[in-house]
Amino acid sequence: MTEQEPPELPRGIALAWGVAANPQRGPKREMSVERIVEAAVELADAEGIGAVSMAAVAAKLGFTPMSLYRYVSAKDDLLLLMQEEATGLPPEDYRELDGWREKLRTLFEAQVLVFLQHPWMLSLPISGSPITPNSSSWLDAGLSSLEQTPLTADERVAVALSVTGHARWYGTVLAGYTDTARSSGLTADEVSAREAVLFDRVITADDYPALRRAIDDGVFVSTADPFRFALERILDGVDAYIAELYRGEPHASEPEWIDIEPAEVAGDRRHREALKAVREAEKALRIARKLERQSLREAKERLAKAKKPV
C-alpha cells in the first residue's frame, strides 16, 4: 500500500510562504511578487478594492499586465497576498501581559486597528481558513494566550475565533461609519445623530416596542461602546467557564443546533419556492398585524370620544 501524496499547495498560498517557483523570464527592473503586492495594497488603501486590477497594478509599477502574470498568475492569488500583507504580524507586546484576558483584549484591539487601516480587507470573501504566515501568526497568538488555561484545544480555538470574529464585526461597523463620514463631509458623531433622527421618524411603539423604548433612552446618541461591552461579556463568559473547570466541573458538551441546509438543498427549486411562499406569508402577516394594531388604536379613540360628556 502506498501512502497518499499530500495535496499540492495552491499557488497563492505557496507564494505567501515563499515556496513557489520564481518566473524564469521577465522584466528585471524592480519587479517581484513583493513589489506587486505592495503596489496593490497601496492602491486599495487609496482608492478601495474596486480599483485593484492586474492592469491598474501594472500601470502603477510601469509594466504591462502580462509582466505581472509571470509573477502572480491570478487575481485571486493577488487578493490573498494583499490580505496577507495588510494583516501583518500581531503585536509582540501581548506576550508581556499578565493573564489570558489581557492578552486577548490586546490582540482584539490590534486586529480592529488593522481593519481600520485597510478597510478593503473587510469586503474580501471568506472562503476558508487563510493558511498564510501572518494570518497563522494571529491565530497562534490567540491560542498561545490561552495555553495556561484548562481549556481543551478545541475550546481554545473557539475562543480565539470568537475574539477574531468580534474584531472583524467591530472593524466593519467602524470602517462603514468612517467611510460615510468621509463621503458626506460629516463627523462620525454627526452621522450617528443623523441616524438617530431617522430612526426616531420611522420606529413606532406599536410596531417595534422594544426598539422604540431604546430610542427614547437615547441609545443611538449614547457615547457607550456596545462592541467593547460585548467583548468584555464574552470574556466574562470564558472566565466563568474556566473557573468551573478549575473547580472540577466537566467540559461542556456541544449544544443541539438546527441543521444547516447544505448547498444542494438550498438550491433545490421546490425548496426555494417554498421559502418564497413563507416570506410572502410573513409579509402578509406583518401587514395584517399592523392593520390590527391600527384598528385597535382607532377603536379605543372612538370609545374614548363616545364616553366624553357632551
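Student: What radius of gyration does the protein chain have, against that of a compact globule of 310 residues?
Tutor: This is a predicted model, in which local features need pLDDT of at least 70, side-chain atom pairs count only at pLDDT 80 or more, and totals for chains, interfaces and linings use all residues. Residues are numbered from 1 along each chain as its sequence is written, and side-chain values use heavy atoms, with hydrogens and water left out. The radius is taken over C-alpha atoms, and the globule rule is 2.2 Å times the number of residues to the power 0.38. That rule gives a value near 19 Å for a compact globule of 310 residues, whereas the protein chain has 27 Å.

Student: How many helices and strands does the protein chain contain?
Tutor: Helices (H or I, at least four residues) and strands (E, at least two) are DSSP runs, numbered from the N terminus. The protein chain has 13 helices and 0 strands.

Student: Why is H2 described as roughly perpendicular to H5?
Tutor: Axes are lines fitted to C-alpha atoms, for helices over the stretch in contact, and angles run from 0 to 180 degrees between N-to-C directions. The axes of H2 (residues 33-47) and H5 (residues 75-87) are 9 Å apart, at an angle of about 80 degrees. Angles under 35 degrees count as roughly parallel, over 145 as roughly antiparallel, 65 to 115 as roughly perpendicular and the rest as oblique. H2 is therefore, relative to H5, roughly perpendicular.

Student: Which residues of H5 meet H2?
Tutor: Contact means heavy atoms within 4.5 Å. On the H2 side, the residues include Val33, Ile36 and Val37; their partners in H5 are Leu78, Leu81, Met82 and Glu85.
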